[in-house]
Every structure is written in C-alpha cells, then in structure tokens.
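Please look over the sequence and the model displayed below before reading on. The paragraphs that follow walk through salt bridges, backbone geometry, a pocket and a surface patch.

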Amino acid sequence: MIMSWPLALCEPLARDATRNPAARKGDPLQFSNHLDGRLNKLLMNKAELFWALHCAGWAAYGILRWLNGLSFGRDATYAYPTIIATLAGFGLTLILRALYRWLWGRHPGLILGLSIPAITIMTMVFSAIEVWGHTQFFDRDWPLEGKDFFLGNALFDAYVLLSWSGLYFGINYYRQLRAQQNRLLAITAMAHQAQLQMLRYQLNPHFLFNTLNAISTLVLVKRNDTANVMLTRLSAFLRHTLANQPMQKVTLAQELHALELYLDIEKTRFADRLRLDFNVTDEAREATLPSLLLQPLVENAIKFAVAPMEAGGTLSLNAEISGNLLTILIADTGPGLRDYGHLPESHEGGVGLRNTSERLKQIYGNAHEFRLAPNTPSGLCIYISIPLETEVERAEPETDAAFEAAAIIAE
C-alpha cells in the first residue's frame, strides 16, 4: 500500500518517457541503466557471480602468464605448461572454496587458523604441478639444479592464492552487507506500513465514535472531571501515536505506558467488562522491543474476545526474561480460533496477528518465535520470544510537521 501509490502516480510519466527521443533504444543513459541493472542482478546471484569471476580470473591469469613467458623468449609451446598451471590453480581454488563455504559464519579465529595452513598446502601442490608441467616441455634437468625455481614459484603462487582468497571473502562480505542493507530497507518499509496500520486501527471512526460518545455521556451526567481526564488521555494517546518513530526500539516499560493510554480509554467504554491482568518482571521492563508491537494484539483481543461477550473478558499479559530471551505471553478469554496452526485471514481478524508476525520476521529473522495456542478454558494465547536487548536505540526526532500535528490533536 505504501509503495504502490507513488508508482501509480509515475505511470503517466513513464509513458511520456517512452515517447521521448532521449529514452530510445540507442540512448547511452538507458544503456547505462540497463547495464547497471544487469550488474546488480549478477551481484545478487551468488553462484552465477562466482563462476563468472572464477573463470574470468583464471583465464586472465593464463593469458598473462603465457604472455610473460613469450616476453622471456619462450616459443608458442609455452602455452602447454601455462594451461597445466592454470587448470591446477582453477581446481585447487575450488577446493579452497569448499573449505571457505564450510568456514563461513564461524569464529574469525577458526577461519584464520584453518585458512592459512590450507593456503600453504595448496601453494606447495600448485607449485609442484607447475614445476612438473614446466619440466615436461622445458629444462628436463631441473631436478638437479632448479630448487630456486620451485621456491620462486611457491612465493608467486602463494601471492595468487592469497589474492584469490581475499577476493572471495571480500566479495562475500560485500554481498552480505548489501543483503543486510536490503533487509534494513524492507524492515523500514514494513515498520512504516505497520505504523500506518496502527493509525488505521487507532483512529478508525468506530473507535473515535465510541470514545467521544463515552466522553459526551460523562458530560451529560455532569461528570466533567472524568470527561476531562478522558479527553486528556485521548490527546496523550494520539500524541504518542503520531510522534512515535516506527523504527525506534523502546523499553517494555515505555510500550506498556502506551498500552495504558489505550486501555484507559477502552475501560471507559467497557467498564467492568474489561478485566486486565498484567504481570511483568522488573528485569523485563528494561528490555527493548520494536515500538507499537503489542498494541494491535491487545486491540484484537478487545475487539474479538471482549466486545462480543456479554460478560466481557479478561486480558492477560505476562513478560519475563528467560536466559537471553524476552518472552511475552498475551492471553484472552474469548472464543479463540478454529485453527491455531495458521494465522487467520485478514477478514477473520488476522490483520494485527499477520502484521506483528511479519514485523518480527523482518527484524529478527529466525531468532524469534511467534506462536498461537489455545487458552484454558477458552480463548487465545499469543507467545512471543525475541532476543534480549537492553539498550534503547535512539531514533532521530520526527519532522516538525509531525510534532505540530500531534500537538494540534493533543490540544
């Protein structure tokens, strides 16, 4: 939704560009953009990138080595030992690649401790094959007088294999950095989308109508002080929603404060029908989590587990530290779900559940757990487990316009 409207807005511009002479097939800028797109596609395809660079690199090595031999007076037959050496290097570096792929992601000390001996062994084998190929066509008396030749080749081959290894790790780390940047962009887009969905949940006409109707009722029965408190809570809630940074991580204590602003309003509507049971340890209050993570889950519980029930329902929230994880359990006493193994569809009330699940997946990858289970005797339990973090990431403040909008609503 967020990304679609600018693209739709730009479609007429795209059609105009195709009629512009500067956008024709032979235009250098269009060719440059096409080439840049192909390079980016190649960079993201790990296997294709490796084989392209591997084959091109060893082909260049063979050509340069052959030309170097010709410059020292060798004849065209010097191509034979050059081909042998090139194929040897091509194959030996494939063995190194297998080792590096096994080492990838492990402790740097282990990578260094195994890579150096492996390069040393491959250098000796590489040089031995080169010298053997050389003696098959030139200098057949080498075994008697050519030890310096072997050592010279070994030093050069060590440099070649070290350069190949450096490029291998460098390119893979660069690809990893690019992947992390793309993932961060996806997280940012998801967080902004989540914030807009939170605004849709929180500022929908039904919510505002019920809240303002409750305040109006308080005024009619001359409970002006209570009505004023409710207006203050509503303004504080709207201020928090509009001024909050979607990518900012906040402490659980701050997240619970935002929930209290929302629940204070809802308790005016439901009174004793909405029962709360929050149990959060002091250590858990200091842990951080993505902002506005719990609010859609709490609203889902109120909408589908409390509002439809004549006797209302109980909403429970428990949070604690378990090892190096922050675990949160949200439970209600409503009708629950038909299938706890799958998230419900959007029209069945699964928007908040799916949104939260996707946000956690984008931010924490496989390092989190988001699970649904039945409550006893009835209702839904939502289990969340994320890595424990205690340092609040301070985001840049919102633009002045955003704060002004929040202030206007609050006032």
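The structure holds four salt bridges, a salt bridge being a side-chain nitrogen of Lys or Arg within 4 Å of a carboxyl oxygen of Asp or Glu. This is a predicted model, in which local features need pLDDT of at least 70 and side-chain atom pairs count only at pLDDT 80 or more, while totals for chains, interfaces and linings use all residues. Residues are numbered from 1 along each chain as its sequence is written, and side-chain values use heavy atoms, with hydrogens and water left out.

Among the salt bridges is the pair E389 and K249, whose closest N and O atoms are 2.8 Å apart. E389 lies in the loop between β7 (380–387) and α14 (400–410) and K249 in strand β1 (residues 249–251), so this pair ties together parts that are 140 residues apart in sequence; helices (H or I, at least four residues) and strands (E, at least two) are DSSP runs, numbered from the N terminus. K249 is buried at a relative accessible area of 9%, whereas E389 is partly exposed at 26%, where buried means under 20% relative accessible area, exposed over 50% and partly exposed in between (1.4 Å probe, protein chains only).

Another salt bridge joins E358 to K361, with 3.6 Å between the closest N and O atoms. These two residues, E358 and K361, are three residues apart in helix α13 (residues 351–364) and are thus separated by about one helical turn. E358 is partly exposed at 31% relative accessibility, and K361 is partly exposed with a relative accessible area of 44%. In the salt bridge between R371 and E369, the closest N and O atoms are 2.7 Å apart; R371 counts as partly exposed at 40% relative accessibility, as E369 does at 32%.

The backbone also deserves attention. Most residues other than glycine have a negative phi, and most peptide bonds are trans. The peptide bond from T376 to P377, however, is cis, with omega near 5 degrees, and P377 is placed in the loop between β6 (369–374) and β7. K222 has a positive phi, near 65 degrees, and sits in the loop between α8 (205–220) and α9 (224–243), where K222 is exposed with a relative accessible area of 69%. A271 likewise has a positive phi, near 55 degrees; A271 belongs to the loop between α10 (252–270) and β2 (274–280) and is partly exposed at 41% relative accessibility.

Turning to the largest pocket, about 490 Å³ of space lies within it. On a 1 Å grid over the protein atoms alone, a pocket is an open set of points where a 1.4 Å probe fits, with protein on both sides within 12 Å along at least five of seven lines, and lining residues have an atom within 4 Å of a point. The lining of this pocket is made of 18 residues, of which L53, H54, G57, W164 and L167 lie nearest its centre. Helices α3 (46–71), α4 (79–103) and α7 (147–202) are the elements that give two or more residues to the lining.

Finally, I63, L64, L67 and L70 make a nonpolar surface patch of about 360 Å², with I63 found in helix α3. Such a patch is made of residues with over 30% relative accessible area and no salt bridge, nonpolar side chains (Val, Leu, Ile, Met, Phe, Trp, Tyr) being joined within 5 Å; accessible areas come from the Shrake-Rupley method with a 1.4 Å probe.

Note on methods
Grid points are joined across faces, edges and corners, and a volume is the space filled by probe spheres set on the points. Patches are made of residues with over 30% relative accessible area and no salt bridge: like charges are joined within 9 Å, nonpolar side chains (Val, Leu, Ile, Met, Phe, Trp, Tyr) within 5 Å.
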